[in-house]
Amino acid sequence: MANLSSLNPQQRQAAETLHGPILILAGAGTGKTRVITYRIAHLIDQGVPPENILAVTFTNKAAREMQERIHKLLPHLKARKRDGEPPKRPTLCTFHSLCVRILRAHIEALGYKRNFVIYDESEQLAAVKKILSSISAKGEKTDPGAILALLSKFKNGGEASAAFADPSVRALAQHIRTRYESALRACNAVDFDDLILLTLRLFNEFPDVLEVCRAKYRYVMADEYQDTNGSQFQLIHALTLKHRNLCVVGDDDQSIYGWRGAEIANLLDLEKHYPEVKIVKLEQNYRSTNTILTAANALIKNNTRRRAKQLWSQKGQGTKILLRACSNEEEEATELVGQIEFARLAHRISWKENAILFRTNIQSRPIETALRKAGVRYHLIGGQSFFDRREIRDFLAYLKMFINPHDDISLLRIANTPARGLSDVTMERLLAASQERQCSVFAAMKNPLVQSSFQKRTQECLATFVEFVERTRATLADPAAQHEPKVLQAWADHFLDESGYLHELRRQEKEAEAGEARVRNLRDLTATLDGSDAVGKALFERLEAFLENITLDSDREEEEEKGDVVTLITMHSCKGLEFPRVYIVGLEDGLLPHTRSTVEGTLDEERRLFYVAVTRAMLSLTISHCASRKKYGQLLPCHPSRFLKELPLELVEQAEEREQKPVSAAVGKSLFDAMREAME
């Protein structure tokens, strides 16, 4: 049983409130994940069947953390039964993963096949580019990323935010909206937005499906509720409308994703939909000193539309917030690195205790330069993902095409990779033929009339490719192979060798080591194809599950242990994280708050973004701003952010006052250089 005595009074009240709607207002660092897991464990202890409990969140990392904590509280949920059957467990997943589960079981009612593929952002962009190429005038350039962002807003009812987009881009996005939907439908593909919207359509058109889901999920919890958009709200509301057993956890003061459709009103106006909702506030912070929390409280009180809360801590007062004024971004970076190195050399504070936060990615350039010059190791969160590497994307495209040959985006990517005599001109003609006949490119390849329009050599290449695809699909469909434990890894390794792809990778790289590194990446990936519970499942089913996990698990890369390194991260990406020593750079009007905020009316959200950044700090916080900053190659004057005036003066200390012996810029030595010399 879960021992609730370790929770503070407010946490325990939240964990013990099991029935009816409840809002847990969890301030930054107040232990919300702990409360959620104890509440789930308490539900099970009180006799609620685990399979009737659903908890949804926004990242797989958060879902896995909940799962691990529940297994520690209730270890019997992890152990297999004597008959070999796994025990019933609560469903802990992301919104998108939940919808995939529902759609895999019921999507045929909407006219899709169950083996639908899920397009990630790169595949969505490829679909948009394909449409634009067929309608744009020669030489006309349109940003497909901007189009895709608007298509997503249109789908999620964000026409209001789309109104700020360039009128011509908005008109073009409206124009191709239907064609984009048709293109995905023709490939039996869906995108991330579709996962929730199609589930809602299922619920609306087939009430029996909704009743099945309601009966299964009788106790629903939604984490980070302030980040939900309109369709996510509708999904939760549909599931809980009758039984009313809804627990939402969130903090309106940390709502920073309005630009991607999040609606803070979902949390602020919860009583409109659940008038009987019980509200429990978690205000005891377990992360930061009271100096940091008092500053954060004073800052966020300037937002008028919010649920009042007052964070406090038992960690003592702590040091004052350090405010540093710099002449430009190079000086800002140099002084920042100097402070990090001084702390390391004088106080043995490791690099990994430090995090540098900034509003926009471009701000990292001078900081990275200064870190490299000083020999400081760092990790830039948001760099290239393992799954964004060319060789990984190629292999995943192969897998998607074998599962669904009518997935045009995947087929077009690998049809001539490695070279098979299917040139770009050939593929363009096939694409045109498929559009003319309203069929997939693969169907066009198999069409005798289309084949006959090519020269004999190309016809042979087409026939060879079609035979290759169908032969591979037949191999993967062999039911005899499903009981072999490592069959997919063995097949994939053999396929990569036989297809000539590995040879092509090695040939394309000038340095042998670079080619071998790409090959190792693929070997690492194929080693994960056969999951621990894969035996007994059809190979296509295993591949579908594998691809789903990769597509939906976008936060996987940031979980890797990076060792002793300084973390560089944007303010939008840092929510949920904490660091002993935090440096917030670029606190200037135009950066934070961003210039757009005055036009779009999002000043409150910009203040919440600063609040999130401040509350990442555990022990010390340094904030810096510049008098001038380069923009588009020009040195432009900057002004301190208006948010700095909202920090209590008695909690802030100027850098010049703290550093009794500052190093003169004329001497040409940085702070850490002087410190190193002093310690030698």
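# Contacts, burial and sheets

Trainee: Which residues does A28 touch, not counting residues up to four places away in sequence?

Mentor: In this predicted model, the contacts of A28 are D251, Q254, N285, R287, L311, T615 and R616. The word "touch" requires heavy atoms within 4.5 Å.

Trainee: Where is A28 found, and why is A28 called buried?

Mentor: A28 belongs to the loop between β1 (22–26) and α2 (32–45). The relative accessible area of A28 is 2%, and buried means under 20%; A28 is therefore buried.

Trainee: What makes E335 partly exposed?

Mentor: E335, in helix α15 (residues 329–347), has a relative accessible area of 22%. Buried requires under 20% and exposed requires over 50%, so E335 is placed in between, as partly exposed. Its C-alpha stands 8.9 Å from that of R324, which is 11 residues away in sequence.

Trainee: How do you know that the span of α9 is close to the expected one?

Mentor: Helix α9 (residues 192–205) has 14 residues, and the expected span is 1.5 Å times one less than the number of residues. This gives 20 Å, and the helix reaches 20 Å from its first C-alpha to its last.

Trainee: Which residue caps the N-terminal end of α9, and which residues of α9 are buried?

Mentor: The cap is D191: one of its side-chain oxygens lies 3.2 Å from the backbone nitrogen of D193, and the limit for a polar contact is 3.5 Å. The buried residues in α9 include L195, I196, L198, T199 and L202.

Trainee: Why are β3 and β8 called edge strands?

Mentor: Six strands form an open sheet in the order β3-β2-β6-β7-β1-β8, with parallel pairing. β3 (91–94) and β8 (278–282) each have a single partner strand, so one side of each lacks a neighbour in the sheet. On average, neighbouring strands here are turned by 15° against each other, direction ignored.

Trainee: How do you know that β6 and β7 are paired?

Mentor: Pairing needs at least two bridges, and three bridges join β6 (residues 219–222) to β7 (residues 246–250). In β7, L246 is the bridge partner of V220.

Trainee: What makes β15 and β16 a pair?

Mentor: Five bridges join β15 (residues 579–584) and β16 (residues 617–626) in the parallel sense, whereas the definition asks for at least two. R581 has S620 as its bridge partner in β16. Helix α14 (residues 290–300) packs on this sheet, touching β11 (321–326) and β16, with its direction at about 55° to that of β16.

Trainee: How many residues are in the largest nonpolar core, and which residues does M445 contact?

Mentor: That core has 49 residues, and M445 is among those with the most contacts inside it, together with F395, L396, L399, L411 and F465. Helix α17 (residues 390–403) supplies the largest share, nine residues. Leaving aside neighbours within four places in sequence, the contacts of M445 include L411, L422, L462 and F465.

Notes. Residues are numbered from 1 along each chain as its sequence is written. This is a predicted model: local features need pLDDT of at least 70, side-chain atom pairs count only at pLDDT 80 or more; totals for chains, interfaces and linings use all residues. Side-chain values use heavy atoms; hydrogens and water are left out. Helices (H or I, at least four residues) and strands (E, at least two) are DSSP runs, numbered from the N terminus. Axes are lines fitted to C-alpha atoms, for helices over the stretch in contact, and angles run from 0 to 180 degrees between N-to-C directions. Buried means under 20% relative accessible area, exposed over 50%, partly exposed in between (1.4 Å probe, protein chains only). A polar contact is a pair of N or O atoms within 3.5 Å; within protein, one must be able to donate a hydrogen and the other to accept it, and residues adjacent in sequence count only if both atoms are side-chain atoms. A nonpolar core is a set of buried Ala, Val, Leu, Ile, Met, Phe, Trp, Tyr and Cys residues joined through side-chain atoms within 4.5 Å.
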